[in-house]
Structure formats: C-alpha cells, structure tokens
Amino acid sequence: MTAKNMLSAPQLQDYLYNELRDIVKKHHPKADLSMLDLAYEFALLAHENQKRLSGEPYIIHPLKTAMTLAQMKLGVPIIIAAILHDVPEDTSKTLNEISKEFGPDIASMVSGVTKLGAIKYRGMERYIENLRKMFIAMAQDIRVVFIKFADRLHNLQTLEYLPTKKRYRIALETLEIYAPIANRLGMGEIKGQLEDLAFKYVYPKEYEWTYSAIKQLYGKKKAHLDKAIAQAKKFLAEAGITPISVHGRRKHIYSLYKKLASKDRDVEKVYDLIALRIIVKDLADCYATLGIVHKYWKPLKGRIKDYIAQPKPNGYKSLHTTVFLDDGEIIEVQIRTQEIHEEAEYGIAAHWSYDESGKKSIIPREVRWMQELVKVQKEFENKKEFLEGLESLKIDVFRSRIFVFTPKGDVIDLPEDATPIDFAYAIHSDIGDQCAGAVINEQIQPLDTPLKSGDVAHIIVNKDRKSPNADWLKFVKTRAARTKIKASLNAQSGGWIKKILKRDT
Ligand code: MN
C-alpha cells in the first residue's frame, strides 16, 4: 500500500490539489495562484457531501480533470474552469456566482462545458449528430473542448461503476466523436488514451484478443528495448549529443488492434509495438541522432520517414526509422525535439500553452482549428454520416452559424441573429404558425430577440392561432421562415376570401 492509499478522503483531496498546484506552479512560475486556491475552496464547498458512483468524494473528479490539463501545461484560467466545470450543473451554485467570483471569461468556459453536457440521449444517431454540431459551435473557444476531453478521460477511468448500457454508450461516443476530433487536432496522446479506455467496453472480445496476443510479446520486446536504450545513450554520448530523454513507448492498444486487423492479425509484423524514443534539443540534433542510429543499427528498407520535413496531415512531426538491433530484433526508433514531442502529444493544446493572454488573441491558430474541423466534417461526409445541411461548409459560413437547443436537447442550427420565429419554423411549420411566445434560457423574451449559440429556446404555442403575424416578416432571418410565413398568410387570406364567397352564395 502506498502512502497515498492510506489517506482519508479530505486528506486525499488536499493532497491531489497540492499536486495540481505544484504542476501549475512549475509550468507557470509567475502566475498568481490565489484564484486557483479560491476555485478549489469554492468547488469543494459546492460539491460538499456529493459522491461519485465510485464512492469517491465528487471533488476528486474535477481535480483529476484539471490535472490532465495542468500536465498539458495549459494556463491558470483553464485549470480554474476545469475545477469548476460541474458546479452549475450539479450543485446549487450558479453560473452567475461563478462569474461574480471568477470573472466572465472563466464563467463562459464553464458554461460552454455545461452546454455540451446538456445534450440528451434520444437514440444514438440523433445524439451523435447533435454532439457533432455542438462541438462545432464550441469551436469559438477551443479551451472548452480541451476541458471536455479531460473530463471525458476521467469519466472513462471510472466507467466501470456505471450501469452497463450507459457504459457502452459513453465508450462508443468516445470512439465515434471524441477520439476522431482529438486526432484531427493532433492530440495524439489524448486520442490514444481515449481510445484505449473506451476499447474494452465497445469491443470486449477484440480487446481480450488483442491483449492476450501482445502480452507475451511485450515481455520479450521489453528486454530488447531496455538493452537498446542503454546502448543508444552510450552512442549518443560518444558523439557528443546530450539527449533530453531516451525512453520506450508502447503502442496504444486500440491503434494496435486496428493495425492488426489490417495485417492479417500477425503481431510479428507490427514493428512499432514498442518504439525507442529519443528526444533531443534541436532539429540539428534530430538528424545527427538519426545518422548515429543508422551507423550502429542497420535500417530496414523503406521504413525511414521524415515527418519533420513532411508532417502528417494532422500536423504530426517526428523522424521514424525501423532498425535491426545487434541481436536481430527489429525496433522502431522515433526522434524529435521536446517542442515537437509536446506538439505530438497534445497537438493544438501545446501551442495554446505558450499563450497566456486568452482565447481570441491568436488568429492563425484559431483558423487552424477551424480548418481542422472542416476536415473532420469532410471525413464524416465521406462516411455519409454527416449532416447534409452542413455539407458545403466554409469557414465563413461556419462562423456565422449558431446552434440553439430545444428543451428536449435537440440542436437546431441557424444563421447568426436568427430569432425565435426562425427557430420555431425550423422545427415545424405548425409551431411557427402557432407561435405565441418564446422562453429563452427560462425567461420570456420578445419574438424578435436575436438568439445565441447554446441558448435553450422553448416556443409557446397557441393552438387556436390560425395564421402567423405579417409583422414577423420584418425581422425573420431565414428564408425558410419567410417562405412559410408568406405561404400561410396566402393560404389564410385565400380561406378568408373563400369564406366570404361562401357566405355570399
Ligand atoms: Mn465532469
């Protein structure tokens, strides 16, 4: 038993918080952590007496979520938002209180996370569709997506405590939505962890098979690897190169499974089951190291890849080579700088960590994120899974779309500044025609109120109402609403004329 296991619940949470605080302090030595301390106190109080299904105090979950982000070197505001991310939804403390205590920026991140969670499950297909739309909507602040990934990682780690059905659904949506988006964003480590945790719940048999197939092989390869690590360190030292790190890395089990499925399930043909990873200080050292590696170990033909000169489409960079060790064992060697390494592990989040100033400040990266999402869309399109309406998506179109919830959790996408009338007609012509009022985020609002992404809108319907109001034409934003209003008005006036004609005869 470790010392950590012997801690009481209050001791454990303080221990975790201090660990978190230390990591943040290490990566951001100049940051003022008083707000972070305040967030911990605030969340602790808000979640007081709440327990997770695992039996742990609830606070452990936001702390672990924040820890993942801290390890990615992300800044203090996002860590604070992660600590608070479940407060408005699960406790009596409101978003307004968070805004008062911690400011609008943190409140807006927390609200983004809460909105993503507001999507309710009503059939897998519809659910996935809604979730994809919301991810796009949340692209305005990618930090929300980072928090959501970290949140999901911890939820997957404690998935065994959930009922079987829910377990399967969460794992499946992780494989179908979260992991592909993480991949597109170049967040390889996060993607790998998400997939590995979800794998055994979605495909238990395949998981068992893969696991048993590699178990022995891992043991065998590990011995070779340890020897190779020691040798590599020696070769490098002799050449005057001081590596930052020389270590082994295991291939993620889900990506191994996918690779095996495409290679007749022959584990021996997977050369990167375990890789030797060498991290050095700069690009010159990368290429020098490659030369040294090839000097001592003969490279396998056609397996030298320079992803530094030609990065993979998702931005992945590294030098890869597959070599024969002295004993004839084949192993992949990956060479990269520390900066490239962090980028490969955390993708777009690695760039983010160098910028403390906030969300809107760095346009090119924001554009890159948008471009990545467009690619995600295209992938789904190719699979004929993605929404028809979003097919011709362009970045500018994207920016001018908003996503509004129905009270049941469906997501309706509309142009910017669309009104409750546009929303009503987007749901159904009858709801538009009989619209008598709108409740937006639980408050009655005028029918020409511009809606915002993430709003929950409820249309009050008057069944006795026979026709729309012609004044609505003055403010509706969608062509669909305009056309339907005109059609209904025409039909109504036609009916009225018919009535008069009838009376006259
Ligand atoms: Mn959570």
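Both Phe199 and Tyr254 are buried (under 20% relative accessible area with a 1.4 Å probe, protein chains only). The model is predicted, with local features needing pLDDT of at least 70 and side-chain atom pairs pLDDT 80 or more, while totals for chains, interfaces and linings use all residues. Residues are numbered from 1 along each chain as its sequence is written, and side-chain values use heavy atoms, without hydrogens and water.

Phe199 and Tyr254 form an edge-to-face aromatic pair, 5.0 Å centre to centre with 65 degrees between the planes. Pairing requires ring centres of Phe, Tyr or Trp (its six-membered ring) within 6.5 Å; planes under 30 degrees apart are stacked, over 60 edge-to-face and the rest tilted. Phe199 lies in helix α11 and Tyr254 in helix α13 (residues 253-261), so the pair ties together parts 55 residues apart in sequence. Helices are DSSP runs of H or I with at least four residues, numbered from the N terminus. Phe199 and Tyr254 also belong to one aromatic cluster with Tyr207, Tyr211 and Tyr257.

Helix α11 spans residues 188-202. Of its 15 residues, 11 are buried, so α11 is largely enclosed by the rest of the structure. Among them are Ile190, Leu194 and Val202.

A manganese ion is coordinated by His61 (NE2), His85 (NE2), Asp86 (OD) and Asp151 (OD), at 2.2 to 2.3 Å. Donors are N, O and S atoms within 2.8 Å of the metal (3.2 Å for Na, K and Ca); water is not among the atoms, so sites may look incomplete. The donor spacing in sequence is H-x23-H-D-x64-D. Asp86 and Asp151 are both buried.

Note on methods
Helices (H or I, at least four residues) and strands (E, at least two) are DSSP runs, numbered from the N terminus. The expected span of a helix is 1.5 Å times one less than its number of residues. Buried means under 20% relative accessible area, exposed over 50%, partly exposed in between (1.4 Å probe, protein chains only).
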